[in-house]
Amino acid sequence: MLDWLPPNVSTYGGEIDKFFYVIYYITAVVFFLVAGAMIFFLIKYRHQEGRRATYTHGNTTLEIVWTTATFVAMLILALVSKPLWGRIKQQVPMTQSMVTIQVTGKQFNWEVLYPGPDGEFDTAADSAAGTLDDYQVDNDMHVPVNTVVRVILKSKDVIHSFFVPQLRLKQDSVPGHTITAWFEATQTGTYEIPCAELCGFGHSGMLGHLYVDTPEEYEAWKDEKWPPSMPADSSNVEAQ
Ligand SMILES: [Cu+2]
């Protein structure tokens with residue numbers, strides 16, 4: 001097996017790679033058949049003195065065979081990959097320790113929003129002062145390792161695409177839509193989050209970083225960056 005894909009650090013990445021290689025080898029075989037036939041005919045029917053060109057109007061049997069073979073190959077690939085596709089794109093695993101992060105594409109940054117200590121977006125930590133306990137930062141995404149991460153994808157302007165090659169995750173963010181993606185990283189490290197959809201003149205510089213932390217590192221980062229959590233009744237006390 002070829003070994004030029006970036007290392008996989010995602011729970012479902014191995015299965016995606018398997019499909020990738022199946023499709024890769026099918027296309028490779030077809031490529032060599034087509035290129036080989038082309039070279040063969042180029043040589044066989046090269047210019048020769050005294051030989052006249054003949055005309056052909058096609059071969060119906062041959063056309064039916066290669067159309068049917070392509071159709072069957074596509075159908076089998078679609079049916080075989082459907083359960084995996086459904087698991088990745090339609091069923092977010094629900095776990096107690098799940099982390100939810102909202103990522104909004106905008107020209108030309110990833111706006112990363114964490115719900116803060118209460119786990120809810122757009123909620124006030126201190127309703128009297130009207131402050132939110134959400135934490136927002138551009139291009140830096142911290143997640144704990146071996147934890148399901150739900151990414152709520154939005155866009156402020158045009159279509160962007162959230163891409164982490166090592167996670168085998170690529171999902172468009174579309175203005176007016178809220179799309180949920182998910183992943184579970186199996187190795188700590190820093191991974192790039194390029195935008196994979198041409199979104200304007202700054203597209204090539206649109207780059208975030210995903211930091212997959214140990215649970216301890218993740219908690220330490222939260223303690224350092226997130227706004228402090230308020231006791232539930234503190235807003236009432238301060239309002240009086
Ligand atoms: Cu872009």
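Me: Is R168 buried or exposed?
Reply: R168 is buried, its relative accessible area being 15%; buried means under 20% relative accessible area, exposed over 50% and partly exposed in between, with a 1.4 Å probe and protein chains only. The model is predicted, so local features need pLDDT of at least 70 and side-chain atom pairs pLDDT 80 or more, whereas totals for chains, interfaces and linings use all residues. Residues are numbered from 1 along each chain as its sequence is written, and side-chain values use heavy atoms, without hydrogens and water.

Me: Which side chain meets that of R168 in a salt bridge?
Reply: The partner is D17, at 2.6 Å from N to O. A salt bridge here is a side-chain nitrogen of Lys or Arg within 4 Å of a carboxyl oxygen of Asp or Glu.

Me: Where do the two partners lie in the chain?
Reply: R168 is in the loop between β8 (160-164) and β9 (169-173), while D17 belongs to helix α1 (residues 13-44). The pair links distant parts of the chain, 151 residues apart. Helices (H or I, at least four residues) and strands (E, at least two) are DSSP runs, numbered from the N terminus.

Me: And D17, buried or exposed?
Reply: D17 counts as buried, at 13% relative accessibility.

Me: How many salt bridges does the structure hold?
Reply: The structure holds 6 of them. Another one joins the side chains of K106 and D138, at 3.3 Å from N to O. K106 is buried at 18% relative accessibility, whereas D138 is partly exposed at 33%.

Me: Which residue forms a salt bridge with E219?
Reply: K222 does, with the closest N and O atoms 3.5 Å apart. Both residues lie in helix α3 (residues 215-225), 3 residues apart, or about one turn of the helix. E219 is partly exposed, with a relative accessible area of 38%.

Me: Which residues are joined into one network?
Reply: Salt bridges with shared partners connect K106, E111, D138 and K156 in one network.

Me: Changing topic: what coordinates the copper ion?
Reply: The ligands are C195 (SG), E197 (O), C199 (SG) and H203 (ND1), at 2.0 to 2.5 Å. Donors are N, O and S atoms within 2.8 Å of the metal (3.2 Å for Na, K and Ca), and sites may look incomplete because water is not among the atoms. The spacing of the donor residues in sequence is C-x1-E-x1-C-x3-H.

Me: What arrangement do the 4 donor atoms make?
Reply: The arrangement is tetrahedral, because the donor atoms subtend angles of 87 to 124 degrees around the copper ion; four donors count as such if all angles lie between 85 and 135 degrees.

Me: What volume has the largest pocket?
Reply: Its volume is about 550 Å³. A pocket is an open set of points on a 1 Å grid over the protein atoms alone, where a 1.4 Å probe fits, with protein on both sides within 12 Å along at least five of seven lines; lining residues have an atom within 4 Å of a point.

Me: Which residues lie nearest its centre?
Reply: Of the 18 lining residues, I16, D17, F20, R168 and L169 lie nearest the centre of the largest pocket. The elements giving two or more residues to this lining are α1, α2 (60-89) and β9, and the largest share, 6 residues, comes from α2.

Me: And the second largest pocket, what lines that one?
Reply: The lining consists of I23, I26, T27, V30, L33, V34, W66, A69, T70, A73, M74 and L77. Here α1 and α2 are the elements that give two or more residues. The volume of the second largest pocket is about 390 Å³.

Me: Last topic, the backbone: where is the cis peptide bond?
Reply: The cis bond joins Q107 and F108, with omega about 0 degrees. F108 is in the loop between β1 and β2 (109-114). Most peptide bonds are trans, and most residues other than glycine have a negative phi.

Me: What is the phi of N146?
Reply: Phi of N146 is positive, near 55 degrees, and the residue is not a glycine. N146 is found in the loop between β6 (140-144) and β7 (148-155). R168 likewise has a positive phi, of about 55 degrees, although not a glycine.

How values were computed
Four donors count as tetrahedral if all angles lie between 85 and 135 degrees; four count as square planar and six as octahedral if opposite donors are over 155 degrees apart and all others between 65 and 115; anything else is irregular. Grid points are joined across faces, edges and corners, and a volume is the space filled by probe spheres set on the points.
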